[in-house]
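Subject: Structure handover

Hello,

Here is the structure I said I would pass on. Please have it open while you read the notes below.

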Amino acid sequence: VRRTPRDELADATAHGGLYLRRLIRSQLSLSVVALVAFGGIVGALPLALLLLPGLQDIYVLGVPLPILIVAWPPFPLFIAIGVLYERRAQALEESFRDLVEPPP
Amino acid sequence: VIALAAILAVTGATVGLGLYGVRLARTTSDLFVASRAVTPWWNAAAISGEYLSAASFLGIAGLQMKIGSAALWLPLGFTAGYLALLLFVAAPLRRFGAYTISDFAEARLGSPRLRVLAAMIVLAIAGFYLVPQLKGAGLTLTEVTGAPYWVGVVAVGAIVAINVASGGMRGITYVQAFQYWTKTFAIALPACLLLIHLGGLPERAALFGAELPQAPDGGLTVTLDAPQAVTFPEAAAYTVDGVAARAQAGEERVLPAGELALPADTVVPVAEGIDAQRGEDWARPVAAGGDASPVFVYSLLLATFLGTMGLPHILVRFYTNPDGPAARRTTVRVLGLLALFYAFPLVYGALGRVLVPQLYITGDTDSVVLALPEAAWPGLGGELLGALVAAGAFAAFMSTASGLLVSVAGTVSFDLRRRRGAPARRRHFRTAALGGVVLPVALALVARELDISVLVGWAFALAASTFCPLLLLGIWWKGLTTRGAACGLVAGTAVATAAIFTGLAVAGGHPTVDALLTQPAVISVPIAFAVMVLVSLHDRAGLRAADAELLAMHAPEGLGLGEA
């Protein structure tokens, strides 16, 4: 009898462990990529504002630019990262599903 | 009077909807199964409704008025916390089927003792988080009706305790969703109308230029209920109850109780604990030193980013999602709803600096959101808007405090004293709900001087230093052992609380040290992670096969894998 990935996973064999680890690793690296994208931008923001004090003298809509930068653009960025991540995570799960239950 | 009526209406609606919802939910077999028909949008509104607390509604604007634009990092971090939750926790935890963090600790690592440890930390975090909600309630009633501070604290504590004990608010998605829209409407409408009414931001020199906050054209009168220690940033003439006096620039004085009057254009004195800032400094989100120092900003961002996932009242909401993918969809929507709400508090912080500078004298900057509408718009318009924000503020206290108290009562009755039959546990849950509110009420009564945002910051710092490493390592690393988790939890708690209490005892030292003591996450989080990993690596004997648990967390639904 040929053993399917599902059997290996359900019986927690060494093979099954490998499948599982591959799934977890792919999900984790996706999350870390998203985290790095987020952390790179938001993490650099305080430092950038500190090192470029001249931005304080640029007024947009009557408000110094740094205030606007902190108050508004990060939020759409969060949502964008969230949406992209959700799609990719879903796709990874679909491919795992195809592995366990190959489409006919 | 209008404001009081609005507050009573919101409180009544909350209690009423809660009781009605419970009756509705009891007719179905299972509260949680019933909630699973809920769509991601409703769920997201409910999560946001429970999350937006006094710290968001009053605290951000208050802190912004007090320390300046560095407070703008708060809403950023509060929202980013859900991104961390989305990336690392939402779907796996939903699939795992543990309802609380204590459940997760026991189910993942198989140790009932770890559950007890986690439960104690839940109580500490919930306590830190309850106090500012009650403080907000006291402030709001004082501002609206002139009642003494303790009335609001005790009243809201009692209402919430009775409500939770009677079963209201438990997992009632629609009530929390209603609260979200109440709060967003209550903060957005006055902000927009005020900006239109004033024609944009007034007095830019005090906001962004070289000026300090000043008394307006007609002069400024403030009633001081008690003697108030203040610093005069510039020389000023003033009268207290008609007795004239002068102060030198930089002079510290204790103003006697009575009616303080400042002539027009006098720079207002600032209460003890507040630094008078010129507009150009106030407007900086980061600066080399002081309250806006980069250490403070990064530590605050880290605490809020990693701490949200460890708040006891948040995770339990995710179980109303039918499955892992729905948990992700819900979280993305939460990001959107929070972004909408957080577009508005900063309007109050900025307008408040110009229009209600008397709050600098009394030090009650946390009440800026409540005081602003009537100050900016004398007459019926301001009164109506003031009533609206007061009602929104009460929605914030009620929803967050109820959610926290449910987790406190649940923790005390289920985690700390277990398995004694369902009726006994129900009775115990009620007693715990009534008892669990007493200590936070007492703390709120003595903690009036502490900023709401600072208190909430501690809760986040503690959550980030304990449950964040437990969840992240527990979900993604099979090498985590019980001993490693326990040591990490203890280390994180110890470092975070030690820093916070040291900061209380020795405030006013070196600014960087001060920032670290009030926002210890940047130190305590790495320590907690390191301890958990290192102890786990050396605890070979404690290593157990966790493949089944990890499979349950990560395998997609519908494959028949890892599902109980």
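Two strands count as paired if DSSP finds at least two bridges between them. Keep in mind that this is a predicted model.

**The sheet in chain B**

By that rule, E1(B) pairs with strand E6 (residues 258-262) of chain B: five bridges join them, and they run antiparallel. B:Leu220 sits opposite B:Leu262 in E6(B). Both strands belong to an open sheet of four strands in chain B, with the order E1-E6-E3-E4 and antiparallel pairing. Its edges are strand E1 (220-224) and strand E4 (243-247) of chain B, each pairing on one side only. On average, neighbouring strands of the sheet are turned by 25 degrees against each other, direction ignored.

Now the other end of the order. Strand E3 (residues 236-240) of chain B pairs with E4(B) over five bridges, again in the antiparallel sense. B:Val240 has B:Val243 in E4(B) as its bridge partner. The hairpin of E3(B) and E4(B) has two residues between the strands, and B:Asp241 takes a positive phi there, near 50 degrees.

**Two helices in chain B**

Helix H3 (residues 40-51) of chain B has twelve residues. At 1.5 Å a residue they should span 16 Å, and the end C-alpha atoms are 16 Å apart, which agrees. Nine of the twelve residues are buried, so H3(B) is largely enclosed by the rest of the structure. Among them are B:Asn43, B:Ile47, B:Glu50 and B:Tyr51.

Helix H13 (residues 294-307) of chain B holds B:Ser299. Buried or exposed, this B:Ser299? It counts as buried, because its relative accessibility is 0%. Leaving aside residues up to four places away in sequence, B:Ser299 touches B:Gln519, B:Pro520, B:Ala521 and B:Val522.

**Where the chains meet**

The contact takes 48 residues from chain B and 49 residues from chain A. About 4,200 Å² is buried between the two chains, and carbon and sulfur atoms give 76% of that area. Two salt bridges cross this interface.

A:Glu93 is the residue to look at. It forms a salt bridge with B:Arg328, with the closest N and O atoms 2.8 Å apart. A:Glu93 also forms one with B:Arg95, at 2.9 Å between the closest N and O atoms. A:Glu93 lies in helix H4 (residues 74-100) of chain A and B:Arg95 in helix H6 (residues 90-96) of chain B, so this pair joins two chains. Both A:Glu93 and B:Arg95 are buried. A network of salt bridges links A:Glu93, B:Arg95, B:Arg328 and B:Glu557.

**Other salt bridges**

Over all chains, the search finds eleven salt bridges. One of the pairs is B:Arg115 with B:Glu106, whose side chains meet at 2.3 Å, N to O. Both B:Arg115 and B:Glu106 are buried.

B:Lys135 and B:Asp366 form a salt bridge too, at 3.1 Å from N to O. B:Lys135 lies in helix H8 (residues 112-145) of chain B, while B:Asp366 lies in the loop between helix H17 (358-362) and helix H18 (368-376) of chain B, so the pair ties together parts that are 231 residues apart in sequence. B:Lys135 and B:Asp366 are both buried.

Best wishes

Definitions and conventions:
Residues are numbered from 1 along each chain as its sequence is written. Chains are lettered from A and ligands numbered from 1 in the order in which they are written. This is a predicted model: local features need pLDDT of at least 70, side-chain atom pairs count only at pLDDT 80 or more; totals for chains, interfaces and linings use all residues. Side-chain values use heavy atoms; hydrogens and water are left out. Axes are lines fitted to C-alpha atoms, for helices over the stretch in contact, and angles run from 0 to 180 degrees between N-to-C directions. The expected span of a helix is 1.5 Å times one less than its number of residues. Buried means under 20% relative accessible area, exposed over 50%, partly exposed in between (1.4 Å probe, protein chains only). Contact means heavy atoms within 4.5 Å. Buried area is the accessible area (1.4 Å probe) that two parts lose on being put together, summed over both. A salt bridge is a side-chain nitrogen of Lys or Arg within 4 Å of a carboxyl oxygen of Asp or Glu.
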